[in-house]
Amino acid sequence: MIIFRYLFREVLVTLSAVSAVLLVITMSGRFIKYLAQAAQGALDPGVLFLIMGYRLPGFLQLILPLGLFLGILLAYGRLYLESEMTVLAASGMSRQRLMVYTLAPAALVALLVGWLSLSLAPLGVARSEQVINSQDALTEFDTLVPGRFQALRSGSRVTYTERLSEDGRELGGVFITELRLSRDGDKQRGISMLVAEKGYQEIRPDGSRYLILENGYRYDGQPGQADYRAIQYDRYGVLLPKPEVAGELTERDGIPTATLFGSDNPRLQAELQWRLSLPLLAFVVAVLAVSLARANPRQGRFLKLLPAILLYMAYLALLISMRGQLDKGRLPMWLGLWWVHGMFLAIGLLLLYWEPLRLKWKARRALKESRP
C-alpha cells in the first residue's frame with residue numbers, strides 16, 4: 001500500500017503540472033483569438049472571460065489524457081533513472097502489478113474526462129454559443145471605445161470617436177473612413193471619409209440601425225489624386241453593420257449526450273462515439289506510457305519522449321480521421337472508433353511484454369543449443 005500511494009502521488013503531481021502548462025498554452029492561444037475579435041468590434045470585451053470559462057471543459061477533456069500520458073512517462077522515467085524501479089523490481093514488483101497500480105490514476109482521470117465529455121463540455125459549448133449568438137445583436141456603435149480606432153469588414157471600414165457618453169448613446173468627435181470596392185470586392189474604387197462633431201444611434205422600425213452624424217463633412221476621392229469632393233452636411237445617416245463572429249463549433253458539439261443515444265443520424269452517432277472514446281483514451285495511453293517509460297540510466301528519461309509523443313499524436317489523429325469517416329458513413333457504426341482503441345491497446349501490451357518474451361525466447365534458444 002505504501003508503494004501504491006507513492007506511485008499514485010508521483011503520477012498525480014506530474015500529471016497536474018503537465019496539464020496546467022498545457023492548459024495555459026491552449027487557453028492563451030484561444031484567448032488571443034477572441035481578443036482579436038473583440039479589438040475588431042466583433043465581440044464585447046466583457047464576455048471574453050465568460051466564453052473562456054464555458055470552453056474550459058472542452059479544453060480539459062483533451063488535455064487530461066495527454067497530461068496523464070506525459071505524467072506517467074516523466075514520473076516513471078525518473079524512477080528508472082534513479083534506480084528506484086530496480087529496487088521495486090527486486091522487492092517483488094512485477095510489470096503486471098505496476099500496470100495495476102497505474103490503472104488507479106488512469107481510472108480517476110477517465111472518470112473526470114467522462115464527466116467532462118459527456119456532461120460539462122456539451123453544456124459549456126451550448127452556453128458559449130448562446131453568448132456568441134447574442135453578439136450578433138451588437139453593432140459597430142455598441143462596441144466602440146473612445147480614443148481607439150476600430151476596424152470592421154476586414155479592415156475596409158475604420159471608426160473613431162473622441163468622446164462617448166456614459167450611457168453609450170452619444171458620440172463626440174466622430175471619424176469614419178471606408179474603402180469603396182467594386183462589386184466583386186477585389187478592386188478599390190475609392191475612399192470615403194466622414195467627420196462630424198457628434199452622433200447618436202437611431203433604430204428604424206425594420207430593425208436596422210443607423211449612426212446619425214451632425215455638423216460634419218464627407219470627403220470622397222481616389223488615394224493619390226487631388227480631385228477629392230467635399231460635402232458639408234447638417235445631418236447624415238450611416239448604416240451600422242453587424243459584427244461577424246467567426247464560429248469554431250458545430251451544432252452537434254452542444255447537443256446533450258442523452259439526446260445522442262438512440263439516434264440514427266450518422267453524425268450524431270459519430271459524436272457519441274467520440275465522447276465515449278475520450279475516457280477510454282485515458283486507459284489506453286496509461287498502458288502505452290507504462291510500456292514506454294522504461295529507460296536506461298545511460299540514455300536519460302527524455303530519449304523516449306519524442307517517439308512516445310509521436311505515437312500519441314498518431315493515436316489521436318487516427319481517432320479524428322475515423323470520426324470524419326463515420327460522419328460520411330464510410331465506416332459501419334458497430335466498428336466505429338473501437339478498433340482504433342483496440343489496435344493501440346494491443347501495441348501497448350506488446351511493448352509491455354516484449355522484453356520478458358524476448359528474454360524468454362533467448363533463454364529457450366540457449367537451452368536448446370546447450371543440449372547435446
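Is D253 buried or exposed in this predicted model? D253 is buried, with a relative accessible area of 18%; the cut-off for buried is under 20%. The legends below start with the whole chain and come back to this residue.

**Figure 1. Overall layout of the predicted model.** The secondary structure of the protein consists of 8 helices and 6 strands. Read from the N terminus, the elements follow the order α-α-α-α-β-β-β-β-β-β-α-α-α-α. The protein has 372 residues, of which 40% are buried. Counting contacts between residues at least 6 apart in sequence, 63% link residues at least 24 apart.

**Figure 2. Packing of helix α6 against helix α7.** Two packed helices are described by the angle between their axes and the distance between the axes. For α6 (residues 266-292) and α7 (residues 305-327), the axes come within 10 Å and the crossing angle is roughly 165 degrees. Angles over 145 degrees count as roughly antiparallel, and α6 and α7 are therefore roughly antiparallel to each other. Their crossing is right-handed. On the α6 side the contact is formed by P266, R267, A270, E271, Q273, W274, L281, V284, V285, L288 and L292. On the α7 side it is formed by A308, L311, Y312, Y315, L316, L319, I320, R323, L326 and D327. Sorted by class, the residues of this contact are 16 nonpolar, 1 polar and 4 charged.

**Figure 3. Packing of helix α2 against helix α6.** The axes of α2 and α6 come within 9 Å of each other and cross at roughly 10 degrees. An angle under 35 degrees counts as roughly parallel, so α2 is roughly parallel to α6. From α2, the residues in contact are Q61, L62, P65, L68, F69, I72, L73 and Y76. From α6, they are W274, L278, L281, A282, V285, A286, L288, A289, V290 and L292. By class, the contact of α2 with α6 has 17 nonpolar residues, 1 polar residue and no charged residues.

**Figure 4. The largest nonpolar core and the surroundings of Y315.** The largest nonpolar core holds 54 residues, and those touching the most other members are L68, F69, L73, Y76 and Y315. Two or more residues each come from α1 (2-39), α2 (48-81), α3 (84-90), α4 (95-134), α6, α7 and α8 (338-370). Helix α6 contributes the most, with 13 residues. Neighbours within four places in sequence left aside, Y315 contacts L281, V284, V285, L288, V340, H341 and F344. Another core, of 13 residues, lies apart from the largest one; M27, I51, I63 and I132 are among its members.

**Figure 5. D253 in the loop between β6 and α5.** D253 is placed in the loop that runs between β6 (229-239) and α5 (257-260). Beyond its neighbours within four places in sequence, D253 is in contact with P122, V125, E271, R275 and R323.

**Figure 6. G336 in the loop between α7 and α8.** G336 has a relative accessibility of 0% and therefore counts as buried. Leaving out neighbours within four places in sequence, its contacts are Q273, L326 and L331. The C-alpha atoms of G336 and Q325 are 8.9 Å apart, and the two residues are separated by 11 residues in sequence.

**Figure 7. L108 in helix α4.** L108 counts as partly exposed because its relative accessibility is 43%. Leaving aside neighbours within four places in sequence, L108 is in contact with F8 and L12.

**Figure 8. Positive phi values at S83 and N215.** S83 is found in the loop between α2 and α3. Phi of S83 is near 65 degrees, a positive value in a residue that is not glycine. With a relative accessible area of 34%, S83 is partly exposed. N215 is in strand β5 (residues 209-221). N215, also not a glycine, has a positive phi of about 55 degrees. At 36% relative accessibility, N215 is partly exposed.

Technical notes. Residues are numbered from 1 along each chain as its sequence is written. This is a predicted model: local features need pLDDT of at least 70, side-chain atom pairs count only at pLDDT 80 or more; totals for chains, interfaces and linings use all residues. Side-chain values use heavy atoms; hydrogens and water are left out. Axes are lines fitted to C-alpha atoms, for helices over the stretch in contact, and angles run from 0 to 180 degrees between N-to-C directions. Helices (H or I, at least four residues) and strands (E, at least two) are DSSP runs, numbered from the N terminus. Angles under 35 degrees count as roughly parallel, over 145 as roughly antiparallel, 65 to 115 as roughly perpendicular and the rest as oblique. A crossing is left-handed if the near helix is turned anticlockwise from the far one by less than a right angle, and right-handed if clockwise. Contact means heavy atoms within 4.5 Å. Ala, Val, Leu, Ile, Met, Phe, Trp, Tyr, Cys and Pro count as nonpolar, Asp, Glu, Lys and Arg as charged, and the others, Gly among them, as polar. A nonpolar core is a set of buried Ala, Val, Leu, Ile, Met, Phe, Trp, Tyr and Cys residues joined through side-chain atoms within 4.5 Å. Buried means under 20% relative accessible area, exposed over 50%, partly exposed in between (1.4 Å probe, protein chains only).
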